[in-house]
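Reader: I would like to go through the helix packing and a few residues. Please take the points one at a time.

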Amino acid sequence: LIGMLALSPLAYLGSMLIERALPPRTNVATIDEPDALRIATAFALSRQVDTQGWESAVGTESDDDLVAIFRKASPAALEGIASPSTVRVLLQSAKGDSRFRVTLTPQGAVIGFQDNRPKGSPVTATDQPGARAAAESFLRARLGPNTPFHPEYGQPKESGKDSQDRSFAWRADVPGLPKTRATFHVDVDGDRVTGHHTSIAPDETYLNRLSPHSGWLTLLKTLAWIYIPLLGVYSVVRYIRRAIDKEVSYERTALAALAFVLMSVLFLFDPGYLAGRIGAELGRDRTLIIAAMAVFYCLMGLFFGVAYGAGEGGLRETYPGKLTSLDALLSGKLFSTNVARSILVGGGIAGWLLLLQNATLLATHAPRVGPDHDILASAFYRFPLLALLGESGTDSVLQTTFGLLLPIALLRPRIRNHWIFFALMPLFSILPATVTAGDEALWATFFSLQLAMVAAVFVPFFSVDLLAAICGIFAVRFVGALIQRGV
């Protein structure tokens with residue numbers, strides 16, 4: 001064990017080197033937030049909208065269908081037309097009555113916009129043929145003279161009988177992609193084009209061929225989201241019973257809840273993270289969303305505190321001494337020998353697990369771990385390390401509570417056979433690991449990540465204690481993400 005820990009820095013280095021040899025990601029940002037704002041304001045000005053002095057927010061979005069397509073191929077016809085991940089820039093006037101949204105590719109190409117002006121703004125009355133002509137003129141200029149698309153006109157949509165607000169659509173097959181249709185949407189208010197975006201609709205059979213195991217992954221994630229609430233109900237019932245018998249520590253319950261809340265609220269300090277997760281919103285809308293998220297995190301903290309309190313008693317009875325280091329940490333003894341040993345062992349084991357994970361990906365020619373969109377979104381965070389600390393911390397709490405503490409409390413008193421118990425535990429642990437893992441497209445990538453996360457809990461726990469398991473899963477998530485974003 002000592003030799004393994006001493007060589008763990010080499011394991012982290014090896015993991016990083018292997019990451020460089022894995023297939024490249026489909027979306028790499030070549031612009032940052034100032035670039036995105038500069039491009040968006042210049043485009044708005046080209047549409048006769050001066051956004052100088054307006055508020056701004058930059059976020060990102062992802063299209064799962066396009067992610068699957070671009071992971072297998074890079075259709076030339078969609079370059080500058082659509083992207084699996086996009087950068088969304090919102091520009092809003094000081095009064096909040098005017099908004100201009102611009103959609104960019106990660107390389108900075110404008111692929112969509114929406115111009116929302118105050119109600120009652122002057123509009124040039126135009127009949128439908130005139131509005132269609134304006135929309136067609138815009139679309140021809142947008143696609144260019146050498147476009148591979150051959151759009152077919154569809155029926156327009158109007159907001160009302162006497163409304164000048166109309167939406168036109170043209171559909172065309174996407175060259176190079178079987179049974180895939182592109183729909184070009186153009187919004188017109190009077191004779192002025194106020195919006196444009198392109199939607200891509202691939203054939204379902206083609207998508208299934210690109211991701212042959214997506215059904216199994218969806219099933220596993222569905223089971224995971226059923227498992228967490230059910231085990232949560234069990235933890236609440238168990239906590240109440242133990243509280244009646246005066247067998248729970250309210251102090252440790254409160255500390256566990258507080259730790260989860262503190263890690264969660266780290267997200268709220270980063271406007272880039274909020275824009276990437278909840279959308280690019282400004283003003284009162286953003287304030288309400290932040291307030292709602294804060295309340296949600298407090299409720300979740302209470303829930304995890306109860307879950308920890310429900311499971312720790314069974315763990316103390318079944319595995320005496322496994323909570324010694326965590327008790328020392330919660331009591332403020334940050335520099336105790338037990339705490340240091342658990343942190344070192346958890347971090348050391350995580351290095352070897354990351355090396356094994358990336359070596360497996362390299363051997364199976366699988367894509368890298370982590371959705372490409374998360375890598376793109378992190379480029380627009382103000383405090384990326386702070387957000388990553390919060391993500392990794394909450395993931396480690398979820399994994400150890402629902403993948404270790406509660407399963408032990410549920411299974412150990414009911415299953416006396418050691419072999420059956422140890423065979424069932426990984427099955428219970430892989431479900432919360434599925435919740436915290438990204439939505440990976442290929443089974444090999446997904447499965448290798450799941451194995452690493454489950455092993456990061458069990459190996460440190462049975463080697464040392466619970467704190468080592470928490471540190472192990474934290475290091476796998478945190479250091480793994482640093483390697484993914486840095487390579």
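**Helix packing and burial**

Author: To begin, helix H2 (residues 8-21) packs against H12 at an angle of about 25°, and their axes are 8 Å apart. The model is a predicted one.

Reader: Is H2 roughly parallel or roughly antiparallel to H12?
Author: The angle between H2 and H12 is about 25°. Angles under 35 degrees count as roughly parallel. Therefore H2 is, relative to H12, roughly parallel.

Reader: How many charged residues are in the contact of H2 with H12?
Author: On the H2 side the contact includes Ser8, Tyr12, Ile18 and Glu19, and on the H12 side it includes Gly347, Trp352, Asn358 and Leu362. By class, the residues of this contact of H2 with H12 are 10 nonpolar and 7 polar, and the number charged is 1.

Reader: What is the hand of the crossing where H2 passes H12?
Author: The axes of H2 and H12 lie 8 Å apart. The crossing of H2 past H12 is left-handed.

Reader: Is H12 roughly parallel or roughly antiparallel to H16?
Author: Helix H12 (residues 337-364) packs with helix H16 (residues 443-463) at about 160°, with axes 9 Å apart. Angles over 145 degrees count as roughly antiparallel. So H12 is, relative to H16, roughly antiparallel.

Reader: How many charged residues does the contact of H12 with H16 have?
Author: Among the residues making the contact are Gly346, Leu353 and Gln357 of H12, and Ala444, Ser448 and Pro460 of H16. The contact of H12 with H16 has 10 nonpolar and 6 polar residues, and its count of charged residues is none.

Reader: Is Thr253 buried or exposed?
Author: Thr253 lies in helix H8 (residues 250-264). Beyond its neighbours within four places in sequence, Thr253 is in contact with Tyr239, Gly305, Val306 and Gly309. Its relative accessible area is 8%, and buried means under 20%, so Thr253 is buried.

Reader: How many disulfides does a search of the whole structure find?
Author: A disulfide needs a pair of cysteine sulfur atoms within 2.5 Å. Over the whole structure, the number of disulfides found is 0.

Reader: What percentage of the residues of the protein count as buried?
Author: The protein has 17 helices and 9 strands. Of its 487 residues, the share that counts as buried is 52%.

Notes: Residues are numbered from 1 along each chain as its sequence is written. This is a predicted model: local features need pLDDT of at least 70, side-chain atom pairs count only at pLDDT 80 or more; totals for chains, interfaces and linings use all residues. Side-chain values use heavy atoms; hydrogens and water are left out. Axes are lines fitted to C-alpha atoms, for helices over the stretch in contact, and angles run from 0 to 180 degrees between N-to-C directions. Helices (H or I, at least four residues) and strands (E, at least two) are DSSP runs, numbered from the N terminus. Angles under 35 degrees count as roughly parallel, over 145 as roughly antiparallel, 65 to 115 as roughly perpendicular and the rest as oblique. Contact means heavy atoms within 4.5 Å. Ala, Val, Leu, Ile, Met, Phe, Trp, Tyr, Cys and Pro count as nonpolar, Asp, Glu, Lys and Arg as charged, and the others, Gly among them, as polar. Buried means under 20% relative accessible area, exposed over 50%, partly exposed in between (1.4 Å probe, protein chains only). A crossing is left-handed if the near helix is turned anticlockwise from the far one by less than a right angle, and right-handed if clockwise.
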